[in-house]
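Dear colleague,

Please find below the structure that I am handing over to you. My notes on it follow directly after.

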Amino acid sequence: LLLGVIYDGLHDLHIVDAIDGIVSSLPLLPSTSDCQDVQTSLVSISSTDAYTLRQLVLNFKNAGIDILVGPDNPEIGAIIQGLCEELSMVYVYSYTKMSWKNNEFSFGLFPSEQYMKQIDVLLNDWQWRSFAVIIEDNQSVDHLLPILNRRSSSPIVIRVRMADPDGMMDAAREVKSYCGNAMCWNSTNKAVIMMNSVSTIKFLEASLKLGMISRRNWFLATSLDNVIDHLQSFHHNSFRLSLPALETQFEWIRSTTTPTYEIYDRLYKAWKKKYSDVQHTKLSYSLAADSVILACYIHTRTNMTSQPKGEEPSEMFFRGLSGPVRFMGGEQRTDASVPIYELGTHGESLKIGTYTIERGSSTLSAHTNDMPGSHAFESLHEQQRKVLKVTTIAERPYVMEKTLPDGTIEGYEGFCIDLLDKLALHLGFEYELNIVRDAKYGRPKANSTEWDGMIGEILNGNADIAVAPITVTARRLEVVDFTDPFLQLGISMLMRTPDKKATASITSFMWPLSPRVWMFSAIGTFLTAFVITLIAVLSPRESPEQFNIKNSFWYLMCILLRAGSGFNCQSSASRIASSVWWTFSLVLIAQYTANFAAVLTVDRKSMPFNSFEELGNQTEYSFGSIYGGSTMQFFQYSRLETFKRIWERMENATPSSFVESNDQGVERVYVFLMESASLEYEVTQNCNLTRVGNIVLGSNGYSIALPKGMSRSRWREKLTRQILDFNEKGIMMMLKNNWWKSSEQTEECQSAQSTGGEEGSGGALGFENTLGLFVLLGAGLALSMIVALIEKGAFTLSVLRKEGRVTPVLR
């Protein structure tokens with residue numbers, strides 16, 4: 001057997017190596033044992049020129065080669081097929097082809113028409129009514145015709161601009177935008193990807209960057225042969241990827257008693273190791289092997305090359321690596337087994353059905369509803385258990401009663417309610433909310449293995465999850481599972497703003513004015529003294545000796561302190577500068593005097609301590625925390641001396657320093673130890689509360705609690721992924737900002753505290769209050785300089801006239 005192989009030297013080298021390996025092992029295979037002497041003639045092409053291809057095929061014919069295996073390129077293949085038909089040569093190809101006829105000289109190993117029909121059957125079975133189709137060339141439109149002709153509503157067809165580096169990303173954006181605007185999903189965004197394997201993965205990578213790799217997106221790929229190779233980055237977030245792939249018979253051969261499997265397995269592993277970077281190669285390897293087996297079958301059993309043209313060939317059938325291969329007098333094979341694979345909810349490969357083509361008829365067998373891990377099974381399971389019982393605790397701002405404008409109470413609102421609504425929307429569940437009956441977070445009951453609070457509700461089966469400001473602790477983690485935190489926090493100190501204490505200082509006389517006002521006043525003084533000295537130099541009516549810089553500064557101080565200086569200004573410029581300075585100093589002193597009494601009678605804040613160590617050492621203020629909460633347990637089980645001392649003080653306090661809720665703790669006068677997230681909220685709502693220091697103990701977070709066990713582990717993974725997604729997209733911060741905002745009362749307090757200057761100097765007169773004075777002083781000094789220059793010019797001109805240097809004007 002002389003076998004000609006035409007291949008694309010840039011893209012099909014791995015196919016050529018596969019053919020070489022199969023040819024060398026033909027005598028060992030039962031189905032091709034008659035092919036004892038097979039010689040291959042390999043020719044690489046890079047041109048689609050019809051004349052060049054014709055010369056190439058003629059050279060094969062003249063060399064006695066009657067069977068050609070063509071490249072995986074439909075354009076080149078169409079030309080070669082016509083030439084082979086003209087020269088009565090057999091042509092074997094494996095690419096997708098929709099327009100075909102009964103050509104006894106051509107054999108298409110890929111059942112294109114039946115394959116596209118089974119995609120249409122799948123879309124009907126899955127009830128895809130609206131979806132997008134992504135293609136990369138115009139030939140794909142021919143492949144779409146079986147789908148488009150049987151649709152009640154035509155899907156949108158998006159063609160990727162392959163020459164554009166951003167073409168793939170633009171196509172992904174168009175799919176996302178179309179489905180967002182046209183509402184092409186009921187609960188899932190759907191798209192059919194009809195591109196080669198490399199382009200398909202690039203499109204999925206672009207979709208990943210746009211956040212489309214999620215449970216709300218379902219892609220059907222037509223060119224991949226498995227959901228594992230080169231797809232590891234998409235095995236998350238319940239992403240749904242389905243693909244019908246022509247079956248490879250490695251598993252079927254393995255079950256036989258012949259050594260055939262070992263031969264194929266050895267050849268494939270060696271070939272795969274060499275081409276490990278080639279994507280989705282098991283199918284391409286199988287079709288390459290079957291093209292050689294088909295050539296042997298034609299050569300040895302049908303004697304097809306000597307059959308007169310136009311005579312119907314006999315039926316051919318053999319089992320190849322790509323499944324059962326049958327030709328019934330036509331160009332395309334009529335038998336094939338097409339398994340439907342799916343990327344499971346946990347990233348595993350699932351065979352959810354099989355489309356069988358046999359003697360022209362087809363059947364679809366699907367069992368997704370009975371297969372754990374499949375999306376259909378999980379969806380059905382969620383529908384049966386889609387209502388989750390949620391336990392929570394009434395705590396501001398997480399869960400609060402919702403009061404309508406008319407005063408009636410309708411349900412609950414708060415940060416945790418908003419979070420629950422978002423999770424329910426994205427994960428497809430409903431929930432029943434119940435406030436925990438004992439108003440506790442959860443800790444073991446005394447002398448018992450039972451728990452109280454929300455943890456107890458979960459352990460008793462009264463709740464499926466707990467969504468509340470509940471912190472992960474080691475003891476809680478022993479009995480329930482937690483998601484990743486939705487809010488990060490630590491332990492801080494909250495206390496009422498301490499009584500302001502009157503203070504005295506040797507610099508208290510400077511308090512009425514802010515440091516910036518004092519600084520600019522000094523600058524203004526030296527600048528004015530310099531201007532007056534400069535005026536004395538320029539003006540002929542002033543004495544530079546009298547108004548030197550030292551005397552000018554003394555002159556301004558005398559004006560400021562309302563004392564006589566003994567200096568009298570003679571020039572207009574000096575008098576303007578003196579008047580402006582007099583006005584400036586008069587108003588500034590008036591403002592200083594007016595603010596002096598107010599500032600010195602206002603008491604100033606003084607924090608009694610600023611750290612947990614100082615808190616434990618002082619005895620003036622008592623402190624406490626929520627009973628049974630994570631903060632109490634932190635100090636209770638701590639082995640550090642400082643924290644042990646704090647725990648002993650709280651434990652032995654009379655009356656008890658423990659409270660049942662944050663609201664009770666805030667109402668107490670003592671220092672309240674609480675989580676920093678809740679502390680931030682309380683500070684924004686009450687301007688009489690303040691945070692002590694900037695120290696935050698520990699690094700923890702509020703999480704969602706769930707029962708332990710496999711049945712709930714899926715919910716934990718889903719909730720965790722969605723929480724991480726919310727954090728990455730800033731949704732969690734947006735939800736927090738909606739509730740951690742300052743109340744009107746706090747804003748008024750902050751406004752009152754900030755009045756008098758940005759320096760925060762305790763009511764001192766700020767620079768913005770005296771800005772007009774400094775503008776007046778600057779404008780006056782500028783005007784005096786202009787007048788001084790005019791006086792200098794006038795005097796100079798007068799002197800020149802007297803000396804006769806200036807010609808008088810004739811009248």
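**Salt bridges**

Arg437 is exposed, with a relative accessible area of 68%. Its partner in a salt bridge is Glu457, and the closest N and O atoms of the two are 3.1 Å apart. Glu457, by contrast, counts as buried, because its relative accessibility is 13% and the cut-off for buried is under 20%. Arg437 sits in the loop between β19 (430-435) and α13 (453-459), while Glu457 belongs to helix α13, so the pair ties together parts that are 20 residues apart in sequence. Please bear in mind throughout that this is a predicted model.

A search of the whole structure finds 13 salt bridges. Another one is formed by the side chains of Arg240 and Glu342, at 3.2 Å from N to O. This pair links distant parts of the chain: Arg240 is in strand β10 (residues 240-244) and Glu342 in strand β13 (residues 336-343), 102 residues apart. Arg240 counts as buried at 14% relative accessibility, and Glu342 is buried with a relative accessible area of 0%.

Arg173 and Asp170 also form a salt bridge, with their closest N and O atoms 3.2 Å apart. Both residues lie in helix α6 (residues 167-182), 3 residues apart, which is about one turn of the helix. Arg173 is partly exposed at 44% relative accessibility, and Asp170 is partly exposed with a relative accessible area of 26%.

Thr391 is found in strand β16 and counts as buried, at 3% relative accessibility.

**Aromatic pairs**

The whole structure contains 35 aromatic pairs. In one of them, the ring centres of Tyr398 and Trp740 are 5.6 Å apart and the planes stand at 70°, so the pair is edge-to-face. Tyr398 lies in the loop between β16 (387-392) and β17 (400-403), and Trp740 in the loop between α24 (731-739) and α25 (744-754); the pair thus links distant parts of the chain, 342 residues apart. Tyr398 and Trp740 are both buried. A further edge-to-face pair consists of Trp518 and Tyr592, at 6.1 Å centre to centre and with 75° between the planes. Trp518 is in helix α15 and Tyr592 in helix α17 (residues 572-601), so this pair ties together parts that are 74 residues apart in sequence. Trp518 counts as partly exposed, at 29% relative accessibility. Tyr398 and Trp740 also belong to one aromatic cluster with Phe415, Phe486 and Tyr702.

**Annotated regions and the nonpolar patch**

The unreviewed UniProt entry places the feature "transmembrane region" at residues 517-540, 552-573, 579-602 and 771-790. In the model, residues 517-540 are 92% helix and 0% strand, with end C-alpha atoms 35 Å apart. Residues 771-790 are 100% helix and 0% strand, and their end C-alpha atoms lie 29 Å apart.

Leu527, Phe530, Leu534, Val537 and Ile549 make a nonpolar surface patch of about 450 Å². Helix α15 (residues 515-538) gives the largest share of this patch, 4 residues. Leu534, found in helix α15, is partly exposed, with a relative accessible area of 30%.

**The chain as a whole**

The protein chain has 26 helices and 26 strands. Of its 811 residues, 50% count as buried. The chain exposes about 38800 Å², of which carbon and sulfur atoms supply 53%.

With kind regards

Conventions: Residues numbered from 1 in each chain as written. Predicted model: local features only at pLDDT ≥ 70, side-chain atom pairs only at ≥ 80, totals over all residues. Heavy atoms only, no water. UniProt positions renumbered as here; feature names shortened; annotations may be inferred. Helix = DSSP H or I, 4+ residues; strand = E, 2+ residues; numbered from the N terminus. Buried < 20%, exposed > 50% of the residue type's maximum accessible area, 1.4 Å probe, protein only. Areas by Shrake-Rupley, 256 points an atom, 1.4 Å probe, with all protein chains shown as cover. Patch = residues over 30% accessible without salt bridge, like charges linked within 9 Å, V, L, I, M, F, W, Y side chains within 5 Å. Salt bridge = Lys/Arg side-chain N within 4 Å of Asp/Glu carboxyl O. Phe/Tyr/Trp six-rings, centres within 6.5 Å; stacked < 30°, edge-to-face > 60°.
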